[in-house]
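Hi,

Here is the structure I promised to pass on. Have a look first, and my notes follow below.

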Amino acid sequence: MYHHSLRQDVFIKEKYHYLNVPKVGTFIVYDSLDCTFECLGNPSCLSFNLAAYKGGDGKLRCELLSSEKYSNSEEYKRNESFHHFSIKTPCMSSPCQNGGTCVANYKYHTFDCRCKEGFYGEFCEKDFILYRLNVTQLVTLLLDSKLVSVLCHFGNFGCGDGGWTPVMKMDGNNQTFHYETAFWRNKETFNLDGGKTGFDSQETKLPSYWNTSFSKICLGMKIGQHIRFIVINKQVNSLYSLIADGQYRATSLGRDTWKLLIGSEASLQLSCNKEGFNAVCDNAGYSKARIGIISNDNDNCIFSESRIGFGTGGYPDNSSSCGNEAKWAPDNGEKHIKAMGYILVQ
């Protein structure tokens, strides 16, 4: 029941965890609801720990806390004796990037990001260094606790303004980054020197695949001397978190946008049009893409015989790991186009 003069919040229970911060009160209660009411009645209470009371009789020890786990992550640890209850906030989705701290505003149910030195923006998504440089050049970044030199691209080269960090480069003629290879599932690098060069034919996989958060992905394909780019807006902790577990995650760019990567030669069947990350048809032997779109000549996605994407495989040409494959009544004729692919994030 709502009453304008009463404090109201939704609490999330997290089993077997304890937050070690100063307490604003300790009570013996009979259930978690009693502890919730005690916290709501204390203006200084932002969360609470709850455990069985050693005195027995089914009573519980309720510890009201002066802070919450988002700004005290180092003090939030697993504990087999306690359950932790925290107020539901937007901080639960970890919106702050690049190590930023989420500061919840409990009155208005909003948040702010307290950024680490060198980053700024609403989500700490922008890098001061790249902003000051404003030019594509070799930059040494701390990736996976190691210093790695990469060629950071700045300016609108086809993906929009800002700094872009390279993640992967793949040659569709090679099997290095075929759909089935372990590189999509693991945290291993490949040819770090390839990250120091631009849009050339060197393949690479950088630590930025698993430890760089972003809000945009820039995808590029080079066919001959022409490079074309598209952008996916997606805020996540890393590309690894989108792909490594093999779960399908949809995008909504549309078939025409994916075809822009290939240009006028692009061809896809007219139906199915399953796009996103880990796009696979119902028959695993047919077209699949770690990032891309698969299509079929029927309304279902059982036998998809065409695709445009990165980290591809399956019929009609299992040897093609990046580019455009199309057979069985595609909209622009049968195609077997192997491309050089580039993946960058911002």
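To start with a term: a nonpolar core is a set of buried Ala, Val, Leu, Ile, Met, Phe, Trp, Tyr and Cys residues joined through side-chain atoms within 4.5 Å, where buried means under 20% relative accessible area with a 1.4 Å probe, protein chains only. Note that this is a predicted model, where local features need pLDDT of at least 70, side-chain atom pairs count only at pLDDT 80 or more, and totals for chains, interfaces and linings use all residues. Residues are numbered from 1 along each chain as its sequence is written, and side-chain values use heavy atoms, with hydrogens and water left out.

The largest nonpolar core holds 33 residues, and I217, L219, L239, I291, F310 and I343 touch the most other members. Its largest share, 4 residues, comes from β16 (strands are DSSP E runs of at least two residues, numbered from the N terminus). I217 has contacts (heavy atoms within 4.5 Å) beyond four places in sequence, including W164, I230, L239, F277 and I343. A separate core of 21 residues has F48, F85, C91 and C102 among its members.

Cheers

How values were computed: Buried < 20%, exposed > 50% of the residue type's maximum accessible area, 1.4 Å probe, protein only.
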